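Biologist: Hi! Could you walk me through this model?
Modeller: Happy to, here it is.
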Amino acid sequence: MNNPHRRDMELPYISDSAVFEEQKRARRLTQELNTMDRSDLEGISKKCEELLGKSDRPFINPPFYCDYGTHIEMGRNCFMNYNCCILDVAKVVIGDNLQCGPNVAIYTAGHPLHPDARNSALEYGIGVTIGDNVWIGGNTVILPGVTVGDCAVIGAGSVVTKDVPAWTIVAGNPARVIRKITDADKQTYYRDRKFDDEAWEVLKKLYPDWERE
């Protein structure tokens, strides 16, 4: 079994010449993306779609970094802000409507804990899954093997070491559940600040059954 095959099975593998050969495409495309005219929004979107494996017109504000790109699957209407990094040694599957702040890092790559095993050059990748309608605050780190449930919010600066339940706010290092997201949150946009009349009209057009308290 060659090392790319072992990598894709989430088995320990060595980054040999065959592995590095597969990374060359992502290095070329991220270089192109990161040096594009920042006002060329359509061109940036197309370059992101070319870089990523299975995706539906995502938008990533460059600079952006990844190992392969083809191991990242992004749904519809996804946005990642400046200076994000995805180490996609293993699959990173992202649902629809992702909102991702700047400096977010998603890691699937890891190394053995014991120094002798680590010095063997063996490493591994364990996949990350992110559901629909997730908001990831800036400077968050998501570690290998984590699943983030639908509609979750991850506070800025968090280090996510365990699965995040759907419809929860988590924050901290390590991240922990702060509270559930409920219907009461429909009324506010920041802490206790409620939507003004003009903003509420926008929401009512989208969600006619919403009632204002």
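Modeller: One term before we start: two strands pair if DSSP finds at least two bridges between them. Helices (H or I, at least four residues) and strands (E, at least two) are DSSP runs, numbered from the N terminus.
Biologist: Good. And the ground rules?
Modeller: Residues are numbered from 1 along each chain as its sequence is written, and side-chain values use heavy atoms, with hydrogens and water left out. This is a predicted model, where local features need pLDDT of at least 70 and side-chain atom pairs count only at pLDDT 80 or more, while totals for chains, interfaces and linings use all residues.
Biologist: Which residue in β5 does Ser55 stand opposite?
Modeller: That's Met74. The strands β2 and β5 (residues 72-76) run parallel and are joined by 3 bridges.
Biologist: What sheet is that part of, and in what order do the strands come?
Modeller: An open sheet of 5 strands, with parallel pairing, in the order β2-β5-β8-β13-β16. Its edge strands are β2 (54-56) and β16 (147-148), each of which pairs on one side only.
Biologist: Which strands make up the antiparallel open sheet?
Modeller: There the order is β1-β12-β11, with 3 strands and antiparallel pairing. One side of β1 (13-14) and one side of β11 (109-110) have no neighbour in the sheet, because these edge strands have a single partner strand each. Between β1 and β12 (residues 122-125), which run antiparallel, there are 2 bridges, and Ile14 sits opposite Leu122 of β12.
Biologist: How many residues lie between β19 and β20 in their hairpin?
Modeller: The hairpin has 2 residues between those strands. Strand β19 (residues 168-172) and strand β20 (residues 175-180) run antiparallel, joined by 5 bridges. Val170 has Val177 in β20 as its bridge partner.
Biologist: Switching to helices: at roughly what angle do α2 and α3 cross?
Modeller: Roughly 170°, and the axes of α2 (residues 17-34) and α3 (residues 41-51) come within 10 Å. Axes here are lines fitted to C-alpha atoms, for helices over the stretch in contact, and angles run from 0 to 180 degrees between N-to-C directions. So α2 is roughly antiparallel to α3 (angles under 35 degrees count as roughly parallel, over 145 as roughly antiparallel, 65 to 115 as roughly perpendicular and the rest as oblique).
Biologist: Which residues make the contact?
Modeller: On α2 they are Arg25, Ala26, Leu29, Thr30, Glu32 and Leu33, and on α3 Ile44, Lys47, Cys48, Glu50 and Leu51. Contact means heavy atoms within 4.5 Å.
Biologist: How many disulfides does the structure hold?
Modeller: It has 0 disulfides, a disulfide being a pair of cysteine sulfur atoms within 2.5 Å. Cys66 is in none, and its nearest cysteine sulfur, that of Cys85, is 8.2 Å away. For Cys84, also in no disulfide, the nearest is that of Cys100, at 4.0 Å.
Biologist: Is Cys84 buried or exposed?
Modeller: Cys84 is buried, at a relative accessible area of 0%. Cys66 counts as buried too, at 9% relative accessibility. Buried means under 20% relative accessible area, exposed over 50%, partly exposed in between (1.4 Å probe, protein chains only).
Biologist: Last one: what is Ala105 in contact with, leaving aside its neighbours within four places in sequence?
Modeller: Its contacts are Cys85, Thr140, Val141 and Ile142. Ala105 lies in strand β10 (residues 105-107) and counts as buried at 8% relative accessibility.
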